[in-house]
Amino acid sequence: MEHNPENHSLKCPKCQHGMVEVEHGEVVIDRCTNCHGLWFDADEAHQLKSLPESHAVDIGDPKEGWKWDSRVEIDCPHCGKRMELTSDAKQKHIWYEICHDHGMFMDAGEFADFKEENLLDWFKSVIKGDRETVCP
Ligand SMILES: [Zn+2]
Ligand SMILES: [Zn+2]
């Protein structure tokens, strides 16, 4: 849907269409009505990552997201500054754009992927914990 300040909370930095607010628990993020990319203010991605079922906000098809992933030069929807392309410290295959003053943008499917790792980490720590108990 074309961006219209009356209906949309933000303009998608990737495809320039309108973004709408999506709520999960206490966290409110913005999702693009066209490419389904997600905007997270400040630390919202990490807050949301720790909430159960939060991958539900990422409704986009990852295949669509990958298509948009190739357009890397985007500007922050809040300040207009060029955003920095950053790969996740733990999951190097996940790339997102970040504005150090405002937040970050993830393509469709990336948040679900980002979230997944949390569970894997949790399983790893459980297994490690068990080993320590069995072999002190
Ligand atoms: Zn978009
Ligand atoms: Zn900014």
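These legends walk through several close-up views of a predicted model.

The model is predicted, so local features need pLDDT of at least 70 and side-chain atom pairs count only at pLDDT 80 or more, while totals for chains, interfaces and linings use all residues. Residues are numbered from 1 along each chain as its sequence is written, and chains are lettered from A and ligands numbered from 1 in the order in which they are written.

**View 1. The annotated stretch, residues 11–49, takes in both helix and strand.** UniProt, in an unreviewed entry, places the feature "domain: Transcription factor zinc-finger" here, at residues 11–49. Such annotations may be inferred rather than shown by experiment, and the positions follow the numbering used here, with feature names shortened. Along this stretch the chain is 15% helix and 46% strand, and its end C-alpha atoms lie 23 Å apart. Helices (H or I, at least four residues) and strands (E, at least two) are DSSP runs, numbered from the N terminus.

**View 2. Strands E2 and E3 form a hairpin.** Strand E2 (residues 18–24) runs antiparallel to E3, and 6 bridges join them; two strands pair if DSSP finds at least two bridges between them. Look for His-24, which faces Val-27 in E3. The turn has 2 residues between the strands, and Gly-25 there has a positive phi of about 60 degrees.

**View 3. Strand E3 also pairs with strand E4.** Why is E3 (residues 27–32) largely enclosed by the rest of the structure? Because 5 of its 6 residues are buried, meaning that 20 or more other C-beta atoms, placed from the backbone, lie within 10 Å of a residue's own. E3 and E4 (residues 38–41) run antiparallel, joined by 2 bridges, with Arg-31 partnering Leu-38 in E4. This hairpin has 5 residues between its strands, and His-36 takes a positive phi near 65 degrees.

**View 4. Strand E6 pairs with E5 and with E7.** Strands E5 (residues 84–87) and E6 (residues 95–99) are antiparallel, with 4 bridges; Ser-87 has Trp-95 in E6 as its bridge partner. E6 and E7 (residues 103–106) are also antiparallel, over 3 bridges, and Ile-98 sits opposite Met-104 in E7. The hairpin of E6 and E7 has 3 residues between the strands.

**View 5. Asp-61 sits in a loop between helices H1 and H2.** H1 covers 44–49 and H2 covers 62–69. Asp-61 is exposed (12 or fewer other C-beta atoms within 10 Å), because it has 11. Leaving aside neighbours within four places in sequence, Asp-61 is in contact with Ala-108 and Gly-109, a contact being C-beta atoms, placed from the backbone, within 7 Å. Asp-61 and Gly-109 are 48 residues apart in sequence and 6.1 Å apart in space, C-alpha to C-alpha.

Note on methods: Contact = placed C-beta atoms within 7 Å.
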